[in-house]
Every structure is written in C-alpha cells, then in structure tokens.
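I opened my notebook to look up how this chain is laid out. My entries follow in the order I made them.

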Amino acid sequence: MAVDPRARTSNRTIGQMVVVGVIASAIGVAWGLYIDWFPIQGSSQAKKIDELWDVLLIIAVPVFVMVVVVILFAVRDYRQRPGEELLDGPNVHGSTRLEIIWTTIPAVVIFVLVGYAATILSDIEEAPANAAQELKIDVTGEQFAWTFKYKGADGKDVNTTRLYLPKGRSVKFNVRSKDVIHDFWIPEMRMKVDAVPGIVTSYRITPIREGNYPVVCAELCGLGHSVMRQTAYVQSADKFDAWLAKQSAPAPAAAPAEGGGAAPAAAIDAKKLFTDGNGESIACGSCHQLADAGTPAGGVGPNLDMVLAGQSADMIKESIVEPEKVATKGFPPGVMPPNYGETLKPEELDALVEYLVTSTKK
Ligand code: CUA
C-alpha cells in the first residue's frame with residue numbers, strides 16, 4: 001500500500017506557515033498596541049494594569065494567529081477532494097514527541113503569565129508603607145446612587161455624594177451595598193469591585209492626576225443602573241484637606257446623621273441635605289439638577305428647576321414621599337426611592353420642602 005503523499009506536511013508548507021504566522025502576528029501585535037484601549041491613567045495602579053494588558057496582548061495575539069494559520073493551511077491541503085467521499089484519511093497513531101510539545105509550551109506560557117499577573121496583583125493591592133497616612137472612605141451603593149463617608153477632623157462622619165480624592169495619597173475604599181449587588185468603578189483608576197449586601201469589599205488606589213472622573217456602577221442593578229453615575233473630584237492634597245476640614249467643621253446641624261442633639265429643627269441646612277443626604281437617605285442632588293444647589297444636569301431624575309417651579313409645598317412633599325403617585329413624563333417609575341418618608345426625619349422633610357419651594361420660585 002502506497003503511503004498517501006499528504007500524510008506528512010512538507011517542510012515547504014511548514015515554512016509557509018511560519019512566514020505567514022510571523023507576519024500576521026507582527027501586524028496583530030502592532031495594531032493591538034496602537035489601539036488606545038483605555039481612558040487616561042488616573043491612578044498609579046492604572047499604569048501597571050495597562051502594562052499587564054500589553055504583555056497579555058503580545059503573547060495572546062501570536063497564539064491566536066498560530067491556531068488560525070494551522071486551520072487555514074489544513075483546510076487548503078487536507079480538504080476532501082472529488083472522489084474521496086468514501087475514503088478514510090491516513091491512519092495516524094499517537095506521537096509522543098508532539099504530545100510533549102503541545103503540553104509543555106502552553107504550560108510554560110500559563111505559568112509565566114500567572115506568575116507575572118500575581119506579581120502585578122500583589123503590587124497594586126499593596127498597603128502603603130505609612131498605613132496611618134492612608135485615607136479610608138466608606139462607599140455605600142444603593143438603588144441608584146453612591147454615598148461616601150469620610151472621617152472628619154474630629155472623628156465626625158462626613159457623608160457626601162461627591163467623591164473627593166487627594167492626589168498622591170493612597171485611598172482605600174470599603175464598599176458596601178444596602179440592597180442589591182452594585183459595582184464600584186472609576187474607569188480612569190482601573191480598579192473595580194462588587195458592592196455585595198452583607199459583606200464589605202475593598203480596593204485601594206493612589207490618584208496621580210487632578211481632574212473630574214466618572215464614578216460608574218458596573219453591575220446591572222435595576223431600572224436606574226445605566227444612570228447610577230456620579231463624579232470623583234481629584235484635587236491636590238492641600239485642597240482636599242481644606243475641603244474635608246470644611247465639611248467636618250462644627251456648624252449648626254452640619255451633621256444631621258448624628259441626630260442633631262439640641263439643634264432645633266430650624267437649624268437644618270436644607271441645601272446640604274439636598275446635596276449630601278443625611279447619611280441614611282440618598283441625596284436628592286445625586287439624581288436631580290437644581291441650580292441653587294449647584295447639582296449637575298444629566299442625572300437620573302427630572303431637573304427640579306423645571307418640574308418644581310411654581311408648585312405648592314404640598315405637591316412637592318407628596319412627590320418626595322410618594323414618588324409613584326406624581327410621575328414626571330419621560331422618567332421611568334420605580335427609580336426614585338419610595339422610602340423618603342422613613343429615611344428623612346419629619347423636620348428634615350419640612351425643611352427640604354421649604355427649600356425646594358423657595359429655590360425653584362422664579
Ligand atoms: Cu447600581 Cu448598577
């Protein structure tokens with residue numbers, strides 16, 4: 001029985017495959033490195049993660065190209081020709097040499113990559129040398145907003161929906177959820193973690209450039225998921241310290257979360273309540289635009305300067321406590337928290353309503 005001439009791949013074919021593979025790999029790697037995959041690098045972690053990405057790309061592209069090239073050449077040389085319909089292919093028995101090669105190479109590649117990735121991971125998760133210097137921020141996700149809690153100068157809690165970060169200082173986020181799974185992500189910082197009800201997850205970053213960056217929820221969490229977006233403000237360390245000092249400065253009813261103590265209802269800072277919440281309620285300003293409070297456009301909820309202008313106190317109060325009853329056209333129901341009647345104290349609710357009546361009056 002004559003040996004099928006196609007039972008072996010000729011050296012010429014192998015040479016062609018190598019040439020095509022090397023050229024295609026070079027083009028693929030160059031293209032992959034040329035593409036700007038990510039937003040700017042906002043943290044020291046971002047640089048290392050982007051390097052990891054580049055290394056993975058340099059290794060993954062040739063592997064992909066090699067597989068595709070072998071498939072294409074096999075189709076060219078070993079396809080079924082007319083008259084061969086009933087023939088079996090050449091009888092091939094095991095090849096120890098081949099099996100050793102195709103086990104060893106992927107194993108080596110995987111071990112090298114795992115080792116390298118593990119080094120990067122321990123590097124980006126490493127605590128700073130001076131642990132006391134690290135800023136700790138409690139992040140709480142709920143449908144559909146993030147709240148951030150800082151320790152103020154005198155140990156007083158500072159709650160806010162605006163994430164302020166100091167440039168050049170290590171920041172550790174401890175992330176929680178009040179309801180469903182959310183995911184705390186600032187794309188420019190690269191790091192990301194799920195907010196899971198019942199447990200605390202965390203990560204740290206060191207911001208390396210000033211600017212405003214989007215805070216994004218990266219886990220489908222309900223109707224308002226796509227608009228569960230806020231802003232991180234990275235400032236110089238001095239500016240940040242000044243901001244934090246101002247937030248925790250003893251001011252009348254500056255911290256409604258503490259219960260106010262002897263502070264009378266009249267001293268409630270309704271504007272602050274609007275922009276920052278009371279520690280339990282989601283701040284109105286994280287979803288609604290209001291010129292007087294300086295909250296931005298493009299939030300989840302209607303622009304209050306427009307929808308509340310000229311409305312009565314009763315109507316405003318009802319839309320806060322029973323949002324389902326007073327829907328605004330174009331905004332889906334079920335997004336505004338239905339529990340403001342519980343999370344706001346009666347005197348806080350009254351102060352807020354009064355503030356909204358006055359600030360939207362033309
Ligand atoms: Cu919260 Cu998606």
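Entry: I started with residues 29–128, whose end C-alpha atoms lie 35 Å apart. This span is 71% helix and 0% strand. I took helices and strands from DSSP runs (helices are H or I, at least four residues; strands are E, at least two), numbered from the N terminus. UniProt, in an unreviewed entry, labels residues 29–128 "domain: Cytochrome oxidase subunit II transmembrane region profile". I noted that such annotations may be inferred rather than shown by experiment, and that their positions follow the numbering used here, with feature names shortened.

**Entry: ground rules.** The model is predicted: local features need pLDDT of at least 70, side-chain atom pairs count only at pLDDT 80 or more, and totals for chains, interfaces and linings use all residues. Residues are numbered from 1 along each chain as its sequence is written, and side-chain values use heavy atoms, with hydrogens and water left out.

Entry: The unreviewed UniProt entry lists residues 14–35, 55–75 and 100–121 as "transmembrane region". I checked residues 14–35: 95% helix, 0% strand, with end C-alpha atoms 31 Å apart. Residues 55–75 are 100% helix and 0% strand, and their end C-alpha atoms lie 31 Å apart.

Entry: UniProt (unreviewed entry) puts "domain: Cytochrome oxidase subunit II copper A binding" at residues 132–246. I found 50% strand and 9% helix there, with end C-alpha atoms 21 Å apart.

**Entry: domains.** I looked up the domain assignment, which is automatic or from a database. It gives domain 1 (7–77 + 97–125), domain 2 (134–247) and domain 3 (262–359). The C-alpha centres of domains 2 and 3 lie 22 Å apart.

**Entry: where domain 2 meets domain 3.** I counted contacts (heavy atoms within 4.5 Å). 14 residues of domain 2 touch 17 residues of domain 3. The buried area is about 1,200 Å², and carbon and sulfur atoms give 54% of it. Buried area is the accessible area (1.4 Å probe) that two parts lose on being put together, summed over both.

**Entry: salt bridges.** My rule was a side-chain nitrogen of Lys or Arg within 4 Å of a carboxyl oxygen of Asp or Glu. The structure holds twelve. One of them joins R169 and D241, with the closest N and O atoms 3.8 Å apart. R169 sits in the loop between β4 (163–166) and β5 (171–177), while D241 is in helix α4 (residues 237–248). The two are 72 residues apart, so this pair links distant parts of the chain.
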